[in-house]
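Here is a short report on a protein model. Keep the sequence and the 3D view open as you read.

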Amino acid sequence: MLKSTFLKAVAATALSFSTWASAQAVDLQFYFPVAVGGKAAETIQELTNEYVAQNPDVNIDAVYAGSYQDTVAKAITASRGGNPPQLSVILSVDMFTLIDEDLIVPFDDYLSTDEDKKWVEGFYPAFMENSQTGGKTYGIPFQRSTPVLYWNKDAFKEAGLDPDVAPESWDEMVEFGKKLTKKDASGNVTQWGVRIPSSGFPYWLFQGLAIENGAILANADGNKTNFDDPKVVEALQYLVDLSTKYEIMAPGIIEWGATPKAFFEGQTAMMWTSTGNLTNVRDNAPFDFGVAMLPAKETRGAPTGGGNFYLFKGASDEQNKAAVEFVQWITAPEQAAKWTIATGYVAPRPETWETETMKAYTADFAPALVARDQLEFAKAELSTYQNQRVTGIFNDALASAITGKKDPATALKEAQTQADAILAEYR
Amino acid sequence: MRAFKLKRDWINGWLLLLPALVFLFAFTHIPAVTTLINSFFSTPRGRRPAKFIGLDNYERMINDPVFWKVLWNNLWFAIGTIPVSVALAIVMALWVNEKLAGRSFVRMAYFTPTVLPLIAVANIWMFFYTPGFGLFDQITGFLFGWPASNYLGNPDTALNAIIVVTVWKEAGFFMIFYLAALQAIPVSLKEAAQIEGAGRWTIFWRITFPLLMPTTLFVCVNAVINSFRLVDHIFILTDGGPDNASALLLFYIYEVAFRFWETAYGATLTVALLVLLSLLAIGQFFFFDRKVHYK
């Protein structure tokens, strides 16, 4: 009798120990956004589940948080409410905002060994430009992209162009565009030459033009912009000319979200959009298409874009360590390869492209290499303190020039004055 | 004894009011007062706490061209949506109040826009408006051979395009109120007028319309509030662009507060919105309320 009671007590203790052990597992909340078509959300969920299955001492609650805008709004609101996530993917350009709001901690504190330091150096330098400031690493590239040019090979053939050759320069894009713009009997355009979307965040694709013309829009400290640089003005003039002077692009603001659809429908023969749309285009284009780097002016060029991992303040050391380990795992070659194949985002580390999985994929589908190769010419995306506001001012200026309400020089001059007024306190 | 009973009634009364009062204070009055207080401070950032800056935020608002632009847009939006949607609502209500075949179906069809999720609706309309392959362009191109028009991407038409969507959505909702009011009008009035030899038009202007006035006041108050409350369509359809051409006051407040994170300036703009709405409400209740009741 006594013995059985004793056994029960032992069993009960053992049981409570086992629950205690699982209660010791580190809980992480992880916000992620989705900005392009394709299977991004499912893939993140699958990868997270796989990691949790392999590491029973970590629980990761992956929360789909909407667009990039929604995600940063949620993360900031949750932090102010005293309930921050431990880990989040947020636009790389929001780094200065997150620092200014005192919400994030640099990864450096949790990267002590030489191996860890080497890990940070193993990312593409173009992606790290928006991830580091003041000698610290605040963001780890993950959901990163660059814009590329997609073209419809059938339309090229029909226009008498070589279907395997994309325009190399600004002039060539105009020349090809003129051949590709088709009109019906009553003079209405049925197929435009090119489509550079300008809704929502026109600065991103426009920045490609600015970099190609040799202009950088903001300095690395995030406290000075060059919106009224003559080279920027010239780039904006070119963008405006595409629809007004050369008449190879639809006038007015061009919707970002409808752009792939317009491409599939044959409304445009070429389009500029994120490489993150690659899988979407591959699955849905009813014709043979090509992918090329953006055309050059003084140089090739493109901005980088997309989201980084950030560590949030308020997490315990164990949580941050666990979060860093998860980030190291998900950016490692095998996982990154899965991610790239599912979405088209650029695997952030060169070693990923050496894996058998990626080699097999790119052998079968060479366009996937274009964005990677373009990284050599890519520059930091426009990012400053009070980034959303400064970028908002710039977007408004671009919109007013694109819709013909102001000329490029005036619009950009005004934007620069407004940006200066905001950034003065950060110098 | 009587005093005790009075007191108990009093306690019961307040207890019954309590849940509503808690919500009213927690979600309306306290935030409104906090907003007013915040508008006199600078925006706190993680590294810099808020400090008292007096009327600086208000000065900035007066000098902010975007503020005046969205205010003007809002005025235009109210003028564009309210009369049209109210008039349409009356016409539709009169129509479905008659005995006609498939009446319930028509009523349901008119009411459908109100029950659909706004974001889904905005997405559908966006594809109606899409240049080239959108529904409108396909129709105008097929019937008249018009070229593609960029309704949402042109600053001259973007706001009007949103007005159309709003009227489409609101009219069906207001129709329900008019329908209820029409059914409450005694048939004897109409019959008496018919005996006197009044035509349909006279009956409408002399009997039906005056008796609908209280409903019209109610609907107008709602329409005004809605015209200042609209924000979700704009996110999907134009994102306030191009160059703020289709941004309304509430959208601008959202942008300033939750995109630019200038919460103090956002609070200042909110105070402006509150003052504006209070003035409108006072105007509607004190001046129109006296004239609407048919006595």
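## Salt bridges

This is a predicted model. Over all chains, the count comes to 21 salt bridges. One of them joins the side chains of A:E234 and A:K297, with 3.7 Å from N to O. This pair links distant parts of the chain, 63 residues apart. A:E234 sits in helix α10 (residues 230-244) of chain A. A:K297 sits in the loop between β12 (289-292) and β13 (302-303) of chain A. A:E234 counts as partly exposed, at 39% relative accessibility. A:K297 is also partly exposed, with a relative accessible area of 40%.

Chain B has its own example. The side chains of B:R60 and B:E262 meet in a salt bridge, at 2.9 Å from N to O. Again the pair links distant parts of the chain, here 202 residues apart. B:R60 belongs to helix α2 (residues 56-62) of chain B. B:E262 lies in the loop between α12 and α13 (263-292) of chain B.

## Where the chains meet

Now turn to the interface. On the chain B side, 29 residues are in contact with 33 residues of chain A. The two chains bury about 2600 Å² between them. Of this area, 51% is on carbon and sulfur atoms. Which residues of chain B lose the most area to chain A? They are B:F133, B:D243 and B:W261. Together they make up 25% of what that side buries.

One salt bridge between the chains joins the side chains of B:D156 and A:K405, at 3.0 Å from N to O. B:D156 is in the loop between α6 (135-144) and α7 (158-184) of chain B. A:K405 is in the loop between α17 (387-402) and α18 (408-423) of chain A. A:K405 is partly exposed, with a relative accessible area of 48%. A network of salt bridges also links A:R80, A:E101 and B:R45.

Two elements of chain B give two or more residues to the side that touches chain A: α5 (118-129) and α12 (249-259). By class, that side has 12 nonpolar, eight polar and nine charged residues.

## The nonpolar cores

In soluble globular proteins, nonpolar side chains tend to be buried together. Here the largest nonpolar core has 117 residues. Which of them touch the most other members? They are A:F30, A:F206, A:L242 and A:F309. A second, separate core has 58 residues, including B:I90, B:V96, B:M126 and B:L249.

Leaving aside neighbours within four places in sequence, A:F309 is in contact with several residues, among them A:F30, A:L87, A:F107, A:Y138, A:I140 and A:I330.

## Two buried residues of chain A

A:F123 lies in the loop between α5 (114-121) and α6 (125-128) of chain A. Is A:F123 buried or exposed? A:F123 is buried, with a relative accessible area of 3%. Beyond four places in sequence, its contacts include A:M128, A:I140, A:T331 and A:R349.

A:K153 lies in helix α7 (residues 153-158) of chain A. A:K153 is buried, with a relative accessible area of 18%. That value is under 20%, so A:K153 counts as buried. Leaving aside neighbours within four places in sequence, A:K153 is in contact with A:P163, A:D164, A:D288, A:F289 and A:G290.

## A covered helix

Finally, find helix α14 (residues 333-343) of chain A. Its buried residues include A:Q335, A:W339, A:T340 and A:T343. What covers the buried residues of this helix? The cover includes α2 (40-54), β7 (140-145), α12 (278-284), α13 (317-330) and α15 (356-364) of chain A. After α14 comes A:G344, whose phi is positive, near 100°.

Note on methods
Residues numbered from 1 in each chain as written. Chains lettered and ligands numbered in written order. Predicted model: local features only at pLDDT ≥ 70, side-chain atom pairs only at ≥ 80, totals over all residues. Heavy atoms only, no water. Helix = DSSP H or I, 4+ residues; strand = E, 2+ residues; numbered from the N terminus. Buried < 20%, exposed > 50% of the residue type's maximum accessible area, 1.4 Å probe, protein only. Contact = heavy atoms within 4.5 Å. Core = buried A, V, L, I, M, F, W, Y, C linked by side-chain atoms within 4.5 Å. Buried area = accessible area lost by both parts, 1.4 Å probe. Salt bridge = Lys/Arg side-chain N within 4 Å of Asp/Glu carboxyl O. Nonpolar A, V, L, I, M, F, W, Y, C, P; charged D, E, K, R; others polar.
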